[in-house]
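Subject: The model I promised you

Hi,

Could you have a look at it and then read on?

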Amino acid sequence: MQRHLWISAGSVDPRRQYASKPTPAPKPSQFSWTLSGGYLGRPKTQTKCKIRGCKNDAHSRRMCWKHYKQWQRKCGHLRCNVANCGNHQDDGGRRMNGRFYCRQHEDLHLRVTAEAAELNLRRLGHNLTGDDNGCWLWYLSRNDGGYGTFIPEGANVAEWLTHRVVWDLLIGGHKPGLELDHRTCKRPNCANPLHLEPVTRSVNQRRKRNGPEWNWSNPDSVNNLGVINFAQLYGLPLGSTPRPAATPPVIARRPPRNIHDTHHS
């Protein structure tokens, strides 16, 4: 005999009481997953515009769309004057006497003529002072950050950083977007190419919190004949002598008192 189930109005159907509930939508996670369940990794964080005071997301060249259009309209045509280079002025470099050279070719400002390059090297060599740590220290003029400043021949009144002038004349330029880090000595007025390394700005800022690395020397400068000849000509040191570790002072302790030496009255 077939049994019928009577459900009164307003009551809950027992057949649906234990039915599976709909699965809620997944919450947004900081990780990315594919439809098949594979892990894609953490999504890239959106960087902000590098223009001070702008909070928009970066679109190109670390600028938002508005500031990128302004830069492209004003400075988009300003490229390195070296043929087939194409680096923008925003990537670093120097503009002097109506010509712009990027970081890779900015040493051409210092080599306008062979006489100007020789005069710049002579002025640098006579005013650099070597010490026991292998540093080439510049004491003539320094900016607020302690970096030595130098006005090369033909620069009118444009000041250059001394360690950058020495690097450009002895080593040459480096990759655009990098800056020179005093990795070995952490001295801003040192101009020894063996103590310098082209790194990104983030790496340079992170290394400022660390101490000097006295046992490190730039491999590109160690065997450079220009650096060796310049150092020998002006009596500048080449190697880096690590500073000796500070020894704690010896405190003379009072000898223990012998109770048998005490005379009782």
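Predicted model: local features only at pLDDT ≥ 70, side-chain atom pairs only at ≥ 80, totals over all residues.

Some overall figures to start with. The protein has 265 residues, and 34% of them count as buried. If you take the contacts with a separation of 6 or more, 47% are between residues 24 or more positions apart.

Helix 3 covers residues 114-127 and helix 4 covers residues 162-170; their axes come within 11 Å and cross at roughly 130 degrees. An angle over 145 degrees would count as roughly antiparallel and 65 to 115 as roughly perpendicular, so the two helices are oblique to each other. The crossing of helix 3 past helix 4 is left-handed. On the helix 3 side, N120, L121 and L124 make the contact, and helix 4 brings T162, V165, V166, L169 and L170. Sorted by type, the residues in this contact come out as 6 nonpolar and 2 polar, with no charged ones.

Next, E179. It sits in strand 9, which runs over residues 179-182. Is E179 buried or exposed? Its relative accessible area is 19%, and buried means under 20%, so E179 is buried. As for polar partners, the E179 side chain has a polar contact with the side chain of N204, at 2.8 Å. Beyond its neighbours within four places in sequence, E179 touches R164, H174, E197, P198, V199, T200, R201 and N204.

E197 turns up again with S221, this time as a distance: the two are 24 residues apart in sequence, and their C-alpha atoms are 9.7 Å apart. S221 belongs to helix 6, residues 219-222. S221 counts as buried because its relative accessibility is 0%. Which residues does S221 contact, once neighbours within four places in sequence are left aside? They are W167, I171, P193, L194 and V227.

R99 is in strand 4 (residues 99-101). Its relative accessibility is 40%, so R99 counts as partly exposed. Leaving out neighbours within four places, R99 is in contact with N81, R94 and H109. Of these, N81 is 18 residues from R99 in sequence, with 6.7 Å between the C-alpha atoms.

Last one, and worth a look at the backbone. Most residues other than glycine have a negative phi. K186 is not a glycine, yet its phi is positive, at about 60 degrees. Where is K186 found? It is in the loop between strand 9 and strand 10, the latter being 196-199. K186 has a relative accessibility of 27%, so it counts as partly exposed.

Happy to go through any of this with you.

Cheers

Note on methods:
Residues numbered from 1 in each chain as written. Heavy atoms only, no water. Helix = DSSP H or I, 4+ residues; strand = E, 2+ residues; numbered from the N terminus. Buried < 20%, exposed > 50% of the residue type's maximum accessible area, 1.4 Å probe, protein only. Polar contact = N/O pair within 3.5 Å; in protein donor to acceptor, adjacent residues only side chain to side chain. Contact = heavy atoms within 4.5 Å. Axes fitted to C-alpha atoms, helices over the stretch in contact; angles between N-to-C directions. Parallel < 35°, antiparallel > 145°, perpendicular 65-115°, else oblique. Left-handed = near helix turned anticlockwise from the far one by under 90°. Nonpolar A, V, L, I, M, F, W, Y, C, P; charged D, E, K, R; others polar.
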